[in-house]
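Come along while I look around.

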Amino acid sequence: MNTQSFVENDDTDCPQNFQDYLTGFFEMRKLRLLNAELNNPTSNQKQNKTKLLPTKKDYVYQKIMPGYHVGIDNIPKQLERITRNKGTNFNLLVAGQSGTGKTTLVNTLFGQTIINNQENESLTSCCGISKKKMIIEADDTQLNLTIIETPSYGNKTNNSMSWIPLVNYVDEQIRSYIFQEEQPYREHLQDNRIHCCLYLLEPNLRKLNKLDLITMKELSKRVNLIPVINKVDILNPNMLKDLKIQVKYTLDNRGVSICQFLTEFNNENGVEFDDIRTQYPFGVISSDKQILNNSGKLVLGRKYKWGIIEVDNSEFSDFLKLKQFLINDYMVDLVKSTESYYESCRSELLQTRILKARDYSNYNAEEYDKQASSPLTPISIPPDSLEELKELDYDDIENNKLKNYKCYEIFNKKLMDKIYIDWSPEFMERQFLFKKKFNEIINLEEKKFFKWAQALKKKQTVLNKEITTMAKQVEFLEGECRNLERMVLVDKKGGFYSNNSSTTLVGFHFKR
Ligand SMILES: Nc1nc2c(ncn2[C@@H]2O[C@H](COP(=O)(O)OP(=O)(O)OP(=O)(O)O)[C@@H](O)[C@H]2O)c(=O)[nH]1
Ligand SMILES: [Mg+2]
């Protein structure tokens, strides 16, 4: 199967080189490794050795006396009670281009209009991302649900960079949580980390949009991604089958991983979630309108001239499978697996902050000037703090214990955010475009200046010639003046003079 042809504008839409650009924590890792290599080529090996998490190997297997009831079998019930009382937080990102049916699908999943499109505009909205928090209660159980949507996604004339704010938003939620955890009071800690992303695709039989592909690829590195083809009611079963095969094949071949974190998490917990890997993409029909079905029952569905389709009719739609996976079976697993991803991001960020400190403690202004491309941006660190940074053990950072906190204090959120911005593809692209524009302006001005200088030179030559001619004329006229003076003198003394034209005076010799 040829996936090349299934991706729209493969060579022209989103810039190829940015497809492999990494942002956020991936960028951080790149920066950290680069810094480590620049400063100490052998440091990578040293860093890898630190692994402090206790493993099951540390435990001793203890048998309980037969007939004695310890009560550990009640732990699941206790957890159930806690979950019932506290509720479960679930942050669901519903992404996809405008009009793919994101709002409708969310409403269909929860069986009522929990979001409406008018309201969407007034929700907490930033960079084309809207967010709504709600508490859903059913059977004594509470779900603290946050729906993050991307209204009007892909509506720009040039969408090559549209995916970056969305991906940055996902990273920012993790970064924000890490920094919130460092605060002394954590009661108001807001957990906005994305647990799962439903990415909605149009039922387009011809092409997979390039923006969709790159967004899914980048999101799949960060969240549990589930691709969904919506509005499959416009396709017949064979068309839907073909489309699913095409989409699956393309995503597999373009490195888009489905629920990657769930997979990693599964391996650790000895569970296999094969269904999600074999069944994706889900082809669904969504509708937030209730209609009367043939048995006279109100159901969610769509009405056509020829009849009706219920959204949960498994013959035409995978809606039930999706709902089963997302809510009934694996919601907690999706949340838990995000936690393990968070751990790796947290460790990445903290390590980067320590290694940044090492770089600054070795910081040499002259060296910095020599390497214009150095990833170090000068910041002002008080001299005593700099001394403290110099004293830390960077080869074995665990030796520093709480002293490492000094690094976290200096390389705080503000500074780390700046580093992220400096390294983000969007910033780099903008920097590149500004530099290009600046060079174009300089070239244009230089050309103008050159033309102007040439014209001035020409003018100068003409003027010089004029000056020479005029100087000659002046010289000639001065000569004439002198002759006339002499003639006047001769006349006064009673000598001879002529009234004729000046030419007769040329070469006239006076006797004084
Ligand atoms: N035929 C059909 N139409 C659908 C389906 N799902 C949604 N729609 C229609 O698609 C249109 C757009 O749906 P929305 O839910 O507003 O799409 P959106 O992705 O939220 O759009 P933005 O908020 O602009 O990004 C509406 O008219 C929906 O009724 C479906 O499964 N089948
Ligand atoms: Mg919407």
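Here are my notes on a predicted model, entry by entry.

**Entry 1: the cores.** I began with the nonpolar cores. The largest has 71 residues, and Phe90, Leu198, Leu219 and Ile226 have the most contacts inside it. I then looked up what Phe90 touches, leaving out residues up to four places away in sequence. Its contacts include Leu143, Leu145, His195, Cys196, Met331 and Val335.

Entry 2: Next I looked up an open sheet of three strands, which has the order E8-E9-E10 and antiparallel pairing. Which strands stand at the edges? I found E8 (290-292) and E10 (307-310) there, each with a single partner strand, so one side of each has no neighbour in the sheet. On average, neighbouring strands are turned by 65° against each other, direction ignored. E8 and E9 (residues 298-304) are joined by three bridges, and I noted Gln290 opposite Leu300 in E9.

**Entry 3: rings.** I found five aromatic pairs in the structure. How are the rings of Tyr304 and Trp306 arranged? Their centres are 4.6 Å apart and their planes at 0°, so I wrote this pair down as stacked. Tyr304 is partly exposed, at 22% relative accessible area, while Trp306 is exposed, at 61%.

Entry 4: My last stop was Arg193. It lies over the face of Tyr177, 3.8 Å from the ring centre. The charged end of Arg193 also sits over the ring of Tyr342, at 4.4 Å from its centre.

Terms used. Residues numbered from 1 in each chain as written. Chains lettered and ligands numbered in written order. Predicted model: local features only at pLDDT ≥ 70, side-chain atom pairs only at ≥ 80, totals over all residues. Heavy atoms only, no water. Core = buried A, V, L, I, M, F, W, Y, C linked by side-chain atoms within 4.5 Å. Buried < 20%, exposed > 50% of the residue type's maximum accessible area, 1.4 Å probe, protein only. Contact = heavy atoms within 4.5 Å. Phe/Tyr/Trp six-rings, centres within 6.5 Å; stacked < 30°, edge-to-face > 60°. Lys NZ or Arg CZ within 6 Å of the ring centre and 35° of its normal. Pairing = 2+ DSSP bridges. Helix = DSSP H or I, 4+ residues; strand = E, 2+ residues; numbered from the N terminus. Axes fitted to C-alpha atoms, helices over the stretch in contact; angles between N-to-C directions.
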